[in-house]
Amino acid sequence: MKLTWFGSSAFRVHSGGAIVVVEPDAAGAGFDSAELVSGADQVVGFGESGMTLASVGWKPRAPLRPLEVEEQNRAPDIVALDADTLIVDADGEAPVVVVRGDMPQLGKWADRAIFVLAGAGLKSRAEGLLERASPRLIALAGDEAEVEQAFLALRDKLDGTGMIALERALAVEV
């Protein structure tokens, strides 16, 4: 799985053999949104009409069984927990939860997930996440000073959760 941040709430998620681009028009200066979406299997935005809205009881989809060979290349499910939270659920991968606002209610599945926090208030939002779950990884995408503040405040509270800082236009394999 690869995560690439392009500024604000613009991301490319390469997961389960598919490329999902989130909010390409939110990419910062110097990025062409048409270039960001080239090669993408799915392009999504926060709060889009017609998007599947998940409830608090949402769970990742079940893995394919060996007899389901013809479905081996299923597209990732993209669901919204709320207007500021998207989940990319691809076969064989941990769910990727992209959050640009307040942390929504989460289920037990959150302990297996990778959370990408974008925007302002990274420290407080990551602290709130760690109070409710122990995710595999927290990826921070924001202002350098905010990211540093979050690392300083959280490094002793992670208890097995990984934490990384995303840099603009740099793909990170997770």
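How many residues does the hairpin that joins β6 to β7 run through? Select that turn to start the tour: the hairpin passes through two residues.

Before moving on, a word on what is on screen. This is a predicted model, in which local features need pLDDT of at least 70 and side-chain atom pairs count only at pLDDT 80 or more, while totals for chains, interfaces and linings use all residues. Numbering starts from 1 along each chain as its sequence is written, and side-chain values use heavy atoms, with hydrogens and water left out. Helices (H or I, at least four residues) and strands (E, at least two) are DSSP runs, numbered from the N terminus.

**Stop 1: the sheet**

Show the strands as a cartoon. You will find an open sheet of seven strands in the order β5-β6-β7-β8-β9-β10-β11, with mixed pairing; two strands count as paired if DSSP finds at least two bridges between them. At the edges are β5 (52–53) and β11 (162–165), each of which pairs on one side only.

**Stop 2: strand β7**

Now select residues 85–89. Five of the five residues of β7 are buried, so this strand is largely enclosed by the rest of the structure. Buried here means under 20% relative accessible area, exposed means over 50%, and partly exposed is in between (1.4 Å probe, protein chains only). In a regular strand the side chains alternate between the two faces of the sheet.

β6 and β7 are antiparallel and joined by five bridges; look for A80, whose bridge partner in β7 is L86. On to β8, which pairs with β7 in the antiparallel sense over four bridges, with V88 standing opposite V96. The β7–β8 hairpin has six residues between the strands, and G92 in it takes a positive phi near 75 degrees.

**Stop 3: the salt-bridge network**

Which residues are linked in a network of salt bridges? Show the side chains of R61, R74, D77 and D91. A salt bridge is a side-chain nitrogen of Lys or Arg within 4 Å of a carboxyl oxygen of Asp or Glu, and the structure holds seven of them.

- R61 to D77: the closest N and O atoms are 3.2 Å apart. R61 is in the loop between β5 and β6 and D77 in strand β6, so the pair ties together parts that are 16 residues apart in sequence.
- D91 to R61: this salt bridge is 3.2 Å, N to O. The pair links the loop between β7 and β8 with the loop between β5 and β6, 30 residues apart.
- D91 to R74: here the N to O distance is 2.6 Å. D91 and R74 are 17 residues apart.

With the surface on, compare accessibility: R61 is buried at 18%, D77 is partly exposed at 34% and R74 is partly exposed at 24%.

**Stop 4: helices and core**

Bring back the helices. α2 lies across β8, β9 and β10, running at about 155 degrees to β9, and α3 lies across β10 and β11 at about 160 degrees to β11. These angles run from 0 to 180 degrees between N-to-C directions, with axes fitted to C-alpha atoms, for helices over the stretch in contact.

Next, select L106, W109, F115, L117 and L140. Of the 26 residues in the largest nonpolar core, these touch the most other members. Such a core is a set of buried Ala, Val, Leu, Ile, Met, Phe, Trp, Tyr and Cys residues joined through side-chain atoms within 4.5 Å. α2 gives the largest share, four residues. Apart from this core lies another, of 25 residues, including M1 and V44.

**Last stop: P135**

Finish in the loop between α2 and β10, where P135 sits. P135 counts as buried, at 2% relative accessibility. Beyond its neighbours within four places in sequence, P135 has contacts (heavy atoms within 4.5 Å) with residues including A110, F115, L129 and T161.
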